[in-house]
Amino acid sequence: MILFVGKQLLLFGFMLLGLLTIMFLITNVAPGDPAKLMAGQNATQDMVETIRREYGLDKSLPEQYAVYIGGVLRGDLGRSIVSTKPVIEELLRYFPATFELVLVAMGLGILIGVPFGMLSAVYRDSWVDHATRIFSVSGVALPAFWFGLLLQLYFAVHLEWLPVSGRLELITPPPEPLTRLYLIDSLLRGEFDTFREAFQHIILPALVLSFPCLASILRVNRAEMLEVLQSDYIVAARANGIPAFRIITVYALKNAMLPTLAIIGLRFGWMLGSTVLVETVFDWPGIGLYAVQSALYSDFKPVLGVTLLIGFCFIFINFLIDLAYGWLDPRLRTQ
């Protein structure tokens with residue numbers, strides 16, 4: 001297992017280096033002059049040259065690459081043109097909101113998708129199976145912005161059960177930051193009213209974000225459970241009188257979870273990159289909304305910082321999924 005983890009760490013390092021290289025090439029080789037873009041349309045040539053020297057754009061490409069890698073390793077992702085603040089500070093401000101939203105959405109997807117996929121396979125061709133299949137197709141087909149607006153109109157405007165937008169009410173101060181995740185910080189601080197308010201605010205955006213993920217997990221888990229339940233060792237387990245509940249939840253589900261883990265990792269990365277619509281609809285102060293606002297002002301440093309952060313999280317989550325693969329299937333440790 002130690003050798004397997006070492007191989008995965010080496011692969012993780014190569015993938016991260018590849019991501020940094022791609023981001024560097026996009027920034028420096030793409031058509032257009034970054035210095036002119038930062039200076040603005042009405043800037044003089046002297047202003048452009050000053051910005052080029054300030055950001056090191058007058059150096060050769062290998063020198064710029066070395067400076068870029070060194071800056072990333074130090075946590076220096078440049079400065080925002082609009083706010084003039086370091087991008088890393090703004091990412092640390094906005095990313096916890098997105099991460100909390102994605103965590104809750106993924107939790108909903110796993111807690112609902114896996115059991116219902118299992119039930120759909122066990123009760124194949126029953127009304128439960130047909131209902132879950134219709135539900136899974138709807139989850140993939142519904143546009144996120146339309147579904148979000150629909151939930152806002154019904155639960156927030158019509159029934160007035162849940163808030164329309166934001167992480168907290170405007171008059172409610174956020175909890176003292178420990179993790180910058182409001183749900184966790186409010187519990188750790190014992191501020192249960194703040195926790196209830198934060199939980200109410202996150203329900204609708206998390207539900208909208210989790211719907212496609214939930215549908216994918218359900219479909220993959222159902223398909224794998226159907227295949228596993230027809231395996232010889234499952235038939236032998238039934239012949240030996242092992243209880244059906246143990247066969248399904250221990251023997252069958254463990255093997256069916258391998259492809260499900262893969263789709264969970266892929267969907268986690270997809271959700272990080274697709275929070276733009278959800279955060280815009282629900283005015284959620286995360287990196288998706290931050291990237292959109294930066295792009296509107298042609299502020300490319302924050303956009304690149306957001307892209308790099310999402311790519312890193314995607315690689316790291318898949319690294320954890322690979323480790324879970326090795327834990328569930330010992331055969332992979334010898335490859």
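**Group meeting: salt bridges, core and pockets**

Let's start with Asp-193, which is exposed, with a relative accessible area of 58%; exposed means over 50% here, buried means under 20%, and partly exposed is in between, using a 1.4 Å probe and protein chains only. Asp-193 sits in helix H9. Helices here are DSSP runs of H or I with at least four residues, strands are runs of E with at least two, and both are numbered from the N terminus.

Quick housekeeping. This is a predicted model, so local features need pLDDT of at least 70 and side-chain atom pairs count only at pLDDT 80 or more, while totals for chains, interfaces and linings use all residues. Residues are numbered from 1 along each chain as its sequence is written, and side-chain values use heavy atoms, with hydrogens and water left out.

Okay, back to Asp-193. How far is Asp-193 from Arg-133, in sequence and in space? They are 60 residues apart in sequence and 38 Å apart in space, C-alpha to C-alpha. Arg-133 is partly exposed, at 37% relative accessibility.

By salt bridge I mean a side-chain nitrogen of Lys or Arg within 4 Å of a carboxyl oxygen of Asp or Glu. How many salt bridges does the structure hold? Three.

Take Arg-133 with Asp-129: the closest N and O atoms are 3.7 Å apart. Both residues lie in helix H6, residues 127–141, and they are four residues apart, about one turn of the helix. Asp-129 is buried, with a relative accessible area of 0%.

Asp-129 also meets Arg-222 in a salt bridge, at 2.8 Å from N to O. Arg-222 is buried, as is Asp-129. Put together, Asp-129, Arg-133 and Arg-222 are linked in a network of salt bridges.

Then there's Glu-100 with Arg-167, where the closest N and O atoms are 2.6 Å apart. Glu-100 is in helix H5 and Arg-167 is in the loop between H7 and helix H8 (182–188), so this pair ties together parts that are 67 residues apart in sequence. Are these two buried or exposed? Glu-100 and Arg-167 are both buried.

Now the nonpolar side. I'm calling a nonpolar core a set of buried Ala, Val, Leu, Ile, Met, Phe, Trp, Tyr and Cys residues joined through side-chain atoms within 4.5 Å. The largest one has 70 residues, and Leu-91 and Met-225 have the most contacts inside it. Helix H9, residues 192–229, gives the largest share of this core, 13 residues. What does Met-225 touch, leaving out residues up to four places away in sequence? Met-118, Ala-121, Ile-248, Ala-252, Leu-253 and Ala-256, with contact meaning heavy atoms within 4.5 Å.

We use a 1 Å grid over the protein atoms alone: a cavity is a set of points where a 1.4 Å probe fits but cannot get out, a pocket is an open set with protein on both sides within 12 Å along at least five of seven lines, and lining residues have an atom within 4 Å of a point. Grid points are joined across faces, edges and corners, and a volume is the space filled by probe spheres set on the points.

The second largest pocket holds about 430 Å³ of space. Its lining has 17 residues, and Val-72, Ile-88, Leu-308, Leu-309 and Phe-312 lie nearest its centre. Helices H1 (2–29), H4 (61–73), H5 (87–122) and H14 (300–328) each supply at least two lining residues, and H5 gives the most, with five. By class, that lining has 15 nonpolar, two polar and no charged residues; Ala, Val, Leu, Ile, Met, Phe, Trp, Tyr, Cys and Pro count as nonpolar, Asp, Glu, Lys and Arg as charged, and the others, Gly among them, as polar.

With a threshold of 30 Å³ or more, the count comes to one cavity. The largest cavity has about 30 Å³ of space, and residues lining it include Gly-139, Phe-147 and Phe-211. H9 gives the most to that lining, with three residues.

Last, backbone angles. Arg-180, in the loop between H7 and H8, has a phi near 65°, a positive value in a residue other than glycine. Asp-283 has a positive phi too, near 50°, and lies in the loop between helix H12 (275–281) and helix H13 (287–296). That's my tour, thanks.
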